[in-house]
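I set out to record what I looked up in this structure, entry by entry. The notes follow the order in which I consulted the model.

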Amino acid sequence: MTSGAATADVAVAEGRNGLAQARGEVVVLDYGGQYSQLIARRIRDCGVFSELLPHHVSIEDVRKRRPRGIVLSGGPASVYAPGAPRLERELLELGVPVLGICYGMQLLVHELGGRVEQADVGEFGRSDLTITEPGVLLAGMPSEQTCWMSHRDTVFEAPEGFTALASSTASPVAAVESQERSIYGIQFHPEVVHTPYGQEILTRFLTEVCGCERTWSPSSIVQEQIARIRKQVGDGQVICGLSGGVDSSVAALLVHRAVGDQLTCVFVDHGLMRKDEGEQVIGAFRDTFKVPLVAVDAEQRFLSKLKGITEPEAKRKAIGEEFIRVFEEEASKIAGQAGGGAEGVRFLVQGTLYSDVIESGGGTGAATIKSHHNVGGLPEDMAFELVEPLRALFKDEVRAVGAELGLPERLVWRQPFPGPGLAIRVVGGEATKERLDVLREADHILQEEIRKAGLYRELWQSFCVLPDVRTVGVQGDERTYGYVVVIRAVTSDDAMTADWARLPYDLLETIASRMINELREVNRVVLDITSKPPGTIEWE
Ligand code: XMP
């Protein structure tokens, strides 16, 4: 991530998250390193709440949070370059322990009078670390270990009063500490898995140095959120648009735990879902969790809106608009039943995540969500107050909370599915019921086989695409003229980039022969081996 991306509106972020004051949080200041979010996530994995704030946040905003520790992230700059992000000296006078990682360490060393210079060779990737003096930070760890480095500038001398703790292949000083001043620095990245003792080092900083309690857990998140939602909503009525995705499902369940039947969920089945998915959502929410749920079968409405539309963005727009219309109709019915008027339902649940908050600069509501994610999301002109119980959570925490709340594994681990659904996967032509049904069946076979092979969770997304193309084949001595199904499976961390998944040949063969044998309309199956970039994940 770039430093420009992390310009969180601190007041808003604090007011809305408002979670950690009592238990003590750690503030991670983002100097633009590619792993900054990961540092915050790893700290939470240690059981300590952490927030990622831009490095230029004011001292007052840091102080307000009463952090137990401050972590300075890595970043691409050189500390001695003009205009490089600086360290506010006051930060070191708050009486709060500070840990600098990579650029963060160089910044501390440079600021406090040590020597940082460009080395002849950079150090990128795996490196050997030798601990010469464990200090507090590296105590109890093997004196020889591997770590992950990514830097060109190097620390040659620790500042006065600091102890050099370790060196590495290309770094004379790879870790420093001053117990007296409670300032620590490591050149390597403890947050990535290639540093085997990284999590232990972070844990030592959090517990031995900062004295944090490790109380941040799925169950504590649930308790805190329930209290927060109750406080916000009081006895008001709440609605939630349920899509079947993990975010809206977990958000809805949290709100239901908090305010019970004051919540009504609206599930708009636009007929563009995967096979059986609508039933699964309805089954889980209405039957298992007893959440008041209005399920609208709107397939006909959506199909008629899609008639004659072939252009991808026009499809998205038509679906988005129709979704809002259906949602509004249902919302006003619910408002009418709840005592009438606009006052009937005051709150709308939104599954905004912490990564949306960070990426969008911390604004509120619809503006925080990328435009295409708004499809199937928030009606823009409706006057609701937002309830955003996931606003402080990373995706993996949302899944953990879902599991804690008893959400079925299938929903907890569902791969991302686009709001416009299968309509943008019947490509190059109109989304007719006939084509959608063929795609749905092909997709069902793919999902079944991928799950059976135990690969579902490893893949970011796996799906089929149905181009508007027929090819000639021969089956049972007969000439056929049928559809081509494309298999698309990718691995990714965040959908910004993706790699095509190397599915085993035997699995591909099973999938292809099942599709051709079981689906009369299909006589050819192909595999998409395009990564992103240059391709996008979806075909439209
Ligand atoms: P692309 O195709 O741009 O997709 O590589 C990146 C991620 O976004 C999802 N996606 C959408 N999600 N509405 C959504 O809610 C959309 O219109 C839409 N288009 C793409 C896609 O599935 C992938 O996860």
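**Entry 1: Gly271**

I looked up Gly271 and found it in the loop between β11 and α8 (277-288). Helices (H or I, at least four residues) and strands (E, at least two) are DSSP runs, numbered from the N terminus. I noted Gly271 as buried, with a relative accessible area of 6%. For this I take buried as under 20% relative accessible area, exposed as over 50%, and partly exposed as in between (1.4 Å probe, protein chains only). I then checked Gly271 against Leu303: the two are 32 residues apart along the chain, and 7.8 Å separates their C-alpha atoms.

I record the basis of these notes here: the model is predicted, local features need pLDDT of at least 70, side-chain atom pairs count only at pLDDT 80 or more, and totals for chains, interfaces and linings use all residues. Residues are numbered from 1 along each chain as its sequence is written, and side-chain values use heavy atoms, with hydrogens and water left out.

**Entry 2: Leu263**

I located Leu263 in strand β11. Its relative accessibility is 0%, so I count Leu263 as buried. Between the C-alpha atoms of Leu263 and Val387, which are 124 residues apart along the chain, I read 11 Å.

**Entry 3: domains and the nonpolar core**

I noted the division of the chain into domain 1 (16-209), domain 2 (218-412) and domain 3 (432-527). These bounds come from an automatic or database domain assignment. Taken over C-alpha atoms, the centres of domain 1 and domain 3 are 46 Å apart.

I next looked up the largest nonpolar core, which has 49 residues; Ile239, Leu503 and Met515 have the most contacts inside it. Such a core is a set of buried Ala, Val, Leu, Ile, Met, Phe, Trp, Tyr and Cys residues joined through side-chain atoms within 4.5 Å. Among the elements that each supply at least two residues of this core I listed β11 (263-269), α10 (312-337), α14 (433-452), β18 (478-491) and α15 (505-518).

**Entry 4: the ligand**

I turned to the ligand and found 13 residues around it, of which Arg316, Gln461, Lys532, Ile537 and Glu538 come nearest. A residue is near a molecule if one of its heavy atoms lies within 4 Å of it.

An N or O atom in the side chain of Arg316 is 2.6 Å from an oxygen atom of the ligand. For Ile537, a backbone N or O atom lies 2.7 Å from a ligand oxygen atom. For Glu538, a polar side-chain atom lies 2.5 Å from an oxygen atom of the ligand. The ligand taken alone exposes 500 Å², and the protein buries 88% of that; accessible areas come from the Shrake-Rupley method with a 1.4 Å probe.

I sorted the shell around the ligand by class and noted five nonpolar, five polar and three charged residues. Here Asp, Glu, Lys and Arg count as charged, Ala, Val, Leu, Ile, Met, Phe, Trp, Tyr, Cys and Pro as nonpolar, and the others, Gly among them, as polar. Domain 2 and domain 3 both give residues to this shell, so the ligand lies between them.

**Entry 5: cis peptide bonds**

I found a cis peptide bond joining Lys532 and Pro533, with omega about -15 degrees. A cis peptide bond also joins Pro533 and Pro534, with omega about 10 degrees. I placed Pro533 in the segment after β20 (522-527), and Pro534 in the segment after β20 as well.

**Entry 6: helix α2 and what follows**

I asked how many residues of helix α2 (residues 36-45) are buried. Eight of the 10 are buried, so the helix is largely enclosed by the rest of the structure. Among these buried residues are Leu38, Ile39, Arg42 and Arg44. Gly47 follows α2 and has a positive phi, near 90 degrees.

I found Val48 in the loop between α2 and β2 (50-54), and its relative accessible area of 1% makes it buried. The C-alpha atoms of Val48 and Thr207, 159 residues apart along the chain, are separated by 9.4 Å.

**Entry 7: positive phi outside glycine**

I noted Lys290, not a glycine, with a positive phi near 55 degrees. Lys290 sits in the loop between α8 and β12 (293-297) and counts as exposed at 58% relative accessibility. Asp477 likewise is not a glycine and has a positive phi of about 65 degrees. I placed Asp477 in the loop between β17 (470-475) and β18, where it is exposed, with a relative accessible area of 81%.

Key. A polar contact is a pair of N or O atoms within 3.5 Å; within protein, one must be able to donate a hydrogen and the other to accept it, and residues adjacent in sequence count only if both atoms are side-chain atoms.
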